[in-house]
Amino acid sequence: MIAQADTDVIERVIELRRAIHRRPELGFEEHETCALVERELDTLGIEHRRLVKTGVAGIVRGALPGRVVGLRADMDALPITERTGLPFASEIAGKMHACGHDAHTAMLLGAARVLAGMRERLHGTVVLIFQPAEEGPGGAEPMIAEGVLDDPAVEAIAMLHVDPRIAPGQIGITPGPVNASADELFITVRGKGGHGAYPHTSVDAIPAASAIVLGLQNIAARETDPLKSVVVTIGTISGGYRNNVIADEVQMTGTLRAHEPEIRDALEARVRRVVDGIAAAYQATAEVRIVKGYPPVVNDPLLAEGFAAYMHEHSRLDVERLPPTMGGEDFAYFAQRVPGLHIRLGIRSEAAGSTHSGHSPQFRIDEAALPVGVQTLVAFARAAGDGSLPIPASRHQV
Ligand code: NI
């Protein structure tokens with residue numbers, strides 16, 4: 001049976017989480033958070049090194065032979081002004097831990113404490129990865145490029161993300177795709193300006209853009225297998241000068257999401273065809289730019305099924321099979337390199353007010369989830385380290 005962490009570990013995790021919550025830092029500015037992580041690892045006697053400015057990798061070497069297992073937490077906050085009214089709310093206007101990365105970092109430090117305390121009985125090596133800039137521009141890829149998975153060579157990796165769909169005591173596991181790709185879309189529609197009273201003498205970019213927004217919805221509704229997931233969202237639109245002037249230009253931005261690489265790749269050509277075709281029908285021209293973002297996160301099915309079965313047998317936690325979401329996560333890059341598992345951690349409770357979705361200024365966590373997270377991370381490290389979990393051979397994709 002995998003035990004819950006001791007009271008002193010739990011108290012320390014709550015203390016750390018609140019300290020990080022008070023001082024949120026955006027991507028690649030996690031200087032205080034990074035220093036806090038390093039101090040804690042020093043206290044625990046865990047060796048560590050800096051990567052990509054504000055990333056940290058700690059290494060716990062077990063006394064017994066076994067595999068090398070990675071555990072990853074993200075550390076960055078969001079540009080949101082907090083409105084929770086909590087006593088430990090953000091002290092920095094316009095910045096907030098509204099996605100739970102404060103909890104992720106604190107729980108990984110809790111797991112570090114537990115693992116460091118059992119070195120003599122620990123099989124294998126655990127690499128603790130504290131990653132910057134998950135919310136953008138992305139810290140996973142540069143940490144991998146600087147060798148965080150190479151020395152020692154990580155054979156399987158897991159992460160936790162808090163999830164307000166499920167309650168403390170529940171964890172969610174999704175074999176296969178669990179998060180979507182997130183590509184950015186930029187569209188400029190160009191017409192010919194003129195007087196609003198004489199539309200026939202100009203080319204109005206506004207009706208062309210309007211038709212494009214509606215036409216793009218056809219990609220999800222009519223062009224994609226209804227059993228596959230795809231999202232085409234236009235998030236911003238702007239253009240025009242005043243009520244009686246024909247707009248010569250409209251700019252739009254959006255996001256394109258998919259779970260499967262084939263559908264993601266097909267989206268680009270589909271968007272271009274719809275935009276160019278509709279623009280031409282309206283005598284306008286259009287320019288499309290797509291910037292590739294994070295790829296989909298694909299949980300290794302063997303690892304996912306194996307860990308769900310392991311937790312059923314060795315813990316009292318409620319292990320749920322959760323459907324994937326269309327959110328994005330740069331853990332995708334880790335999971336492309338080695339078999340990976342994104343585990344959802346339940347935080348929902350009416351009493352704690354933790355029913356808001358991530359990225360909301362009211363976002364809260366039920367701290368009863370924190371010991372569950374520590375327990376889950378430790379369980380993964382031990383089960384993967386001592387060979388209780390089946391680990392497929394690494395698929396090093398270049
Ligand atoms: Ni997040």
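**Cores, sheet and nickel site of the predicted model**

Phe307 is in contact with Ile171, Ile173, Leu341, Ile343, Thr376, Ala379, Phe380 and Leu389, when residues up to four places away in sequence are not counted. This contact set belongs to a predicted model. Phe307 is also a member of the largest nonpolar core, which holds 69 residues. Within this core, Phe307, Leu71, Leu128 and Phe380 are the residues that touch the most other members. Helix H9, spanning residues 369–385, supplies the largest share of the core, namely 11 residues. A second core of 27 residues is separate and includes Ala205, Ala208, Ile219 and Val230. In general, nonpolar side chains of soluble globular proteins tend to be buried together.

Helix H5, formed by residues 205–223, contains Ile206. Apart from neighbours within four places in sequence, Ile206 has contacts with Ala247 and Val250. Its C-alpha atom is separated by 9.8 Å from that of Gln251, a residue 45 positions apart from Ile206 along the chain.

The model also contains an open sheet of eight strands with mixed pairing, arranged in the order S1-S2-S4-S3-S5-S16-S6-S15. Strand S1 (47–51) and strand S15 (318–321) form the edges, each pairing on one side only. On average, and with direction ignored, neighbouring strands of the sheet are turned by 25 degrees against each other. Strand S2 (residues 55–61) and strand S4 (residues 123–131) run antiparallel and are joined by six bridges. Opposite Ile59 stands Val127, in S4. Helix H2 (residues 31–43) packs on the sheet, where it touches S1, S2 and S4, and its direction makes about 15 degrees with that of S2. Helix H3 (residues 101–117) lies across S2, S4, strand S3 (64–74), strand S5 (156–163) and strand S16 (340–346). The helix H3 runs at about 160 degrees to S3.

A nickel ion is coordinated by the SG atom of Cys99 and by the NE2 atoms of His101 and His161, at 2.2 to 2.3 Å. Along the chain, the donors follow the spacing C-x1-H-x59-H. Cys99 is classed as buried because its relative accessibility of 11% falls under 20%. His101 is likewise buried, with a relative accessible area of 0%.

Note on methods
Residues numbered from 1 in each chain as written. Predicted model: local features only at pLDDT ≥ 70, side-chain atom pairs only at ≥ 80, totals over all residues. Heavy atoms only, no water. Donors = N, O, S within 2.8 Å, 3.2 Å for Na, K, Ca; no water. Buried < 20%, exposed > 50% of the residue type's maximum accessible area, 1.4 Å probe, protein only. Core = buried A, V, L, I, M, F, W, Y, C linked by side-chain atoms within 4.5 Å. Helix = DSSP H or I, 4+ residues; strand = E, 2+ residues; numbered from the N terminus. Contact = heavy atoms within 4.5 Å. Pairing = 2+ DSSP bridges. Axes fitted to C-alpha atoms, helices over the stretch in contact; angles between N-to-C directions.
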